[in-house]
Amino acid sequence: MAGPLCQGWGLGAALRSRAALRPLGLLAPPARGALPQPARGALGPAGGTGTAAGSGEAALEENPFYGKYRHKIQELRRSSPDVFESRMEKRSEVKRQPVGHSKQGEFIRCMEEKAEGLGSKTSKGGFTKDKTLDSILNVEMVKEKSAEEITQIWNQYFSAKDTVYAVIPADKFDVMWKRAQNCPSFLYALPRKEGYEFFVGQWSGTELHFTSLINVQTQGEAAPSQLVLYHYPDLQEEKGIVLMTAEMDSKFLVVHDAQCLANQVQLFYGTDRSDTYGLVETFNHRSSEFKYMAVIAELEQSGLGKELRPGQASDKS
């Protein structure tokens, strides 16, 4: 079972055939201190180890997560060799940057181009197009109920499903939403046995789409979503709550991974600490100053993702 975290707006995850994970809530502000030294194997700008040698295709295969994406990468290489070679050249340029420092402009542009097409075509990976709250909940019927009753209904409904869900206070969502308009993209880190796997998150309306950084680097704007967080402000004014749920590509992510990414959205977009949100602003508006290791430092100080570390997840088998 995932370790306990501070309860706030009830971010939760449910697992069939497992004990339900505890609801996860707003994070207490992490204690400030010196940034930790990069752990051995911590991933560098290209999503591989920061000290990996070589460039191009050979270096790509050194990425500890290459095997997970091998099929899609080889498909791109066969179907569009010129595009593949161009991606590899740009990736090599990124890898020559100092560890923990990289220009994110290309990745942000790729995700913005991808987001522009989300409203006009069905998402890849089996994600629901134009997923509305009415498709999940009888909105007219629940309008007669209190926010507390709706919260209970929402939590009970998703407690039997393999997904992440939450009921977010209206004022907290306002903060996140305003920041998302100004800074629609960010880089998130998932702790792995090999170090950290990076994911780019891109807001498209009230949907937040995630895909791995290696996907963006090799497929650009064609990179498919691997996780989508759906936020529903339908009841925000009347009930003071915003409902959230998610869909994920189970070939690449499990519920614990989605839970960690969703909690990082709270950490970086919902924080009261200017330094933490400052990383989001830097990523979007001063990309040449952005440091990967600052994201890892915030993540480690918050305690998020501990259950993803080998030997620390009592619920994983």
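These legends accompany close-up views of one predicted model.

**Figure 1. Overview of the predicted protein.**
The model is a prediction. Its secondary structure comprises twelve helices and seven strands. Of the 317 residues, 55% count as buried. Among contacts with a sequence separation of 6 or more, 67% link residues 24 or more positions apart.

**Figure 2. The largest nonpolar core and the place of helix H10 in it.**
This core holds 51 residues. Phe186, Tyr188, Leu227, Leu229, Val265, Phe268 and Tyr269 touch the most other members. Helix H10, residues 255-269, gives the most to the core, with nine residues. A second core, of 18 residues, is separate. Its members include Ile150, Tyr165, Val167 and Leu235.

**Figure 3. The surroundings of tyrosine 269.**
Which residues is tyrosine 269 in contact with, leaving aside its neighbours within four places in sequence? Val175, Met176, Arg179 and Ala180 are among them, and these four lie in helix H7. The list also includes Cys183, Pro184, Ser185, Phe186 and Tyr188. Trp203 and Val280 complete it. Tyr269 itself is one of the residues of H10 that meet H7, and also one of those that meet H11.

**Figure 4. Helix H7 packed against helix H10.**
H7 spans residues 170-182. The axes of H7 and H10 come within 10 Å and cross at roughly 80°. An angle of 65 to 115 degrees counts as roughly perpendicular, which makes H7 roughly perpendicular to H10. From H7, the contact uses Val175, Met176, Arg179 and Ala180. From H10, it uses Val265, Phe268 and Tyr269. Six of the contact residues are nonpolar, none is polar and one is charged.

**Figure 5. Helix H10 against helix H11.**
H11 covers residues 274-285. Its axis and that of H10 come within 7 Å and cross at roughly 105°. H10 and H11 are therefore roughly perpendicular to each other. Leu267, Phe268 and Tyr269 form the H10 side of the contact. Thr276, Tyr277, Leu279 and Val280 form the H11 side. By class, the contact between H10 and H11 has six nonpolar residues, one polar and no charged.

**Figure 6. Helix H10 against helix H12.**
The axes of H10 and H12 are 11 Å apart, at an angle of about 105°. This pair, too, is therefore roughly perpendicular. H10 supplies Gln264, Leu267 and Phe268. H12 supplies Val295, Glu298, Leu299 and Ser302. The contact between H10 and H12 divides into four nonpolar residues, two polar and one charged.

**Figure 7. Helix H12 and the glycine that follows.**
How many of the eleven residues of H12 are buried? Nine are, and the helix, residues 292-302, is mostly covered. Just after H12, glycine 303 takes a positive phi of about 85°.

Glutamate 247 sits in strand E7, residues 241-248. Is this residue buried or exposed? Glutamate 247 counts as buried, because its relative accessibility is 16%, and the cut-off is under 20%. Its side chain makes a polar contact of 3.4 Å with the side chain of lysine 131. Another polar contact, of 3.1 Å, joins the side chains of glutamate 247 and tyrosine 230.

Proline 184 is found between H7 and strand E3, which runs over 185-192. With a relative accessible area of 18%, proline 184 is buried. Glycine 205 is 21 residues away from proline 184 in sequence. In space, the two are 9.5 Å apart, C-alpha to C-alpha. Pro184 is also one of the contacts of tyrosine 269.

**Figure 8. Asparagine 215 in helix H8.**
H8 covers residues 213-219 and contains asparagine 215. At 1% relative accessibility, asparagine 215 counts as buried. Phenylalanine 199 and asparagine 215 are separated by 16 residues in sequence. Their C-alpha atoms are 8.9 Å apart.

Definitions and conventions. Residues numbered from 1 in each chain as written. Predicted model: local features only at pLDDT ≥ 70, side-chain atom pairs only at ≥ 80, totals over all residues. Heavy atoms only, no water. Buried < 20%, exposed > 50% of the residue type's maximum accessible area, 1.4 Å probe, protein only. Helix = DSSP H or I, 4+ residues; strand = E, 2+ residues; numbered from the N terminus. Polar contact = N/O pair within 3.5 Å; in protein donor to acceptor, adjacent residues only side chain to side chain. Core = buried A, V, L, I, M, F, W, Y, C linked by side-chain atoms within 4.5 Å. Contact = heavy atoms within 4.5 Å. Axes fitted to C-alpha atoms, helices over the stretch in contact; angles between N-to-C directions. Parallel < 35°, antiparallel > 145°, perpendicular 65-115°, else oblique. Nonpolar A, V, L, I, M, F, W, Y, C, P; charged D, E, K, R; others polar.
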